[in-house]
Amino acid sequence: MQPPSLSLPERVYAALSAQIRDGSLAPGTRLPIEPLLCERYGVSRTALREAIARLKAEGLVDVRQGRGTVVLPATAATSFRFALDGADDAGQVGQILELAELRLGVETTAAGLAAQRRTDAQLALLKASLDAMEDAVRNGTDGSEADLAFHAVVAQATGNAQYRMFMEFLRGRFATAIAASRLHSAHHVGMTHEAQREHRAIYEAIAAQKPAAAERAMRRHIEAAAARLAAGKQARE
């Protein structure tokens with residue numbers, strides 16, 4: 001059984017990667033279709049796709065049009081890893097805070113590029129994610145998936161495939177960080193609304209095509225999210 005601290009995408013990733021590495025899923029094996037995998041692991045399609053995206057980013061599988069998800073030979077796997085698995089709560093928080101420093105470099109610049117290059121269709125996707133987060137704040141529900149989608153669209157709107165692919169590589173890590181930050185915010189009155197105001201500022205700067213403002217808004221958001229998480233860690237110590 002996987003540690004209960006792992007998110008659903010992390011648990012699916014851990015299960016599938018273990019089967020690939022121990023040979024239970026041999027190279028060339030095609031994974032079952034999405035509905036079967038969702039039923040097997042008891043997760044949504046969104047959680048499953050996050051897990052598959054991480055497997056793909058690590059060179060363990062390839063997603064092929066018309067053939068589904070296929071296991072790759074071990075030599076195709078990359079050696080670069082972000083390891084949160086197995087850490088205790090304090091260790092995970094520390095690693096998520098380290099990830100925030102990386103996000104500052106990647107996402108701040110991405111927001112500026114998105115403000116310059118975004119299309120109307122991408123702006124509409126950002127607005128849809130923003131509205132979904134607003135609904136979650138209003139209803140007291142989990143807005144993590146909409147939050148993750150918002151940041152993914154920012155990367156897509158850069159028009160730079162390398163940003164999109166790098167964000168896809170980090171998707172599982174970002175999902176853990178976003179979920180942890182939102183969980184902490186939900187326990188403190190006003191913080192969820194604060195996070196929503198930060199997202200709105202990013203959206204408005206990108207909509208207005210103001211790169212410097214978009215970069216500042218993204219930086220403020222990531223720094224504030226890290227501060228909220230750090231404050232929660234201190235309170236528990």
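Modeller: Buried means under 20% relative accessible area, exposed means over 50%, and partly exposed is in between (1.4 Å probe, protein chains only). This is a predicted model, in which local features need pLDDT of at least 70, side-chain atom pairs count only at pLDDT 80 or more, and totals for chains, interfaces and linings use all residues. Residues are numbered from 1 along each chain as its sequence is written, and side-chain values use heavy atoms, with hydrogens and water left out.

Biologist: Is Gln 209 buried, partly exposed or exposed?
Modeller: Gln 209 is found in the loop between α8 and α9. Its phi is near 55°, a positive value in a residue other than glycine. Most residues other than glycine have a negative phi. With a relative accessible area of 42%, Gln 209 counts as partly exposed.

Biologist: What pattern does the chain follow along the sequence?
Modeller: Helices (H or I, at least four residues) and strands (E, at least two) are DSSP runs, numbered from the N terminus. The chain has 9 helices and 2 strands. Read along the sequence, their pattern is α-α-α-β-β-α-α-α-α-α-α.

Biologist: Of contacts between residues at least 6 apart in sequence, what percentage join residues at least 24 apart?
Modeller: Contact means heavy atoms within 4.5 Å. The chain has 237 residues, of which 44% count as buried. Among its contacts between residues at least 6 apart in sequence, the part joining residues at least 24 apart is 69%.

Biologist: Are α1 and α3 parallel, antiparallel, perpendicular or oblique to each other?
Modeller: Axes are lines fitted to C-alpha atoms, for helices over the stretch in contact, and angles run from 0 to 180 degrees between N-to-C directions. Angles under 35 degrees count as roughly parallel, over 145 as roughly antiparallel, 65 to 115 as roughly perpendicular and the rest as oblique. Helix α1 (residues 8-21) packs on helix α3 (residues 45-57) at about 45°, with axes 8 Å apart. That makes the relation of α1 to α3 oblique.

Biologist: Is the crossing of α1 and α3 left-handed or right-handed?
Modeller: A crossing is left-handed if the near helix is turned anticlockwise from the far one by less than a right angle, and right-handed if clockwise. Where α1 passes α3, the crossing is right-handed.

Biologist: What distance separates the C-alpha atoms of Leu 37 and Leu 48?
Modeller: Leu 37 lies in helix α2, and Leu 37 is buried, with a relative accessible area of 3%. Leaving aside neighbours within four places in sequence, Leu 37 is in contact with Leu 31, Pro 32 and Leu 48. Leu 37 and Leu 48 are 11 residues apart along the chain, and their C-alpha atoms are separated by 7.6 Å.

Biologist: At what angle do α5 and α6 pack?
Modeller: Leu 126 and Leu 130 are among the α5 residues that meet α6, with Phe 150 and Val 154 among those on the α6 side. The crossing is left-handed, and α5 and α6 are roughly antiparallel to each other. Their axes are 8 Å apart and their angle is about 165°.
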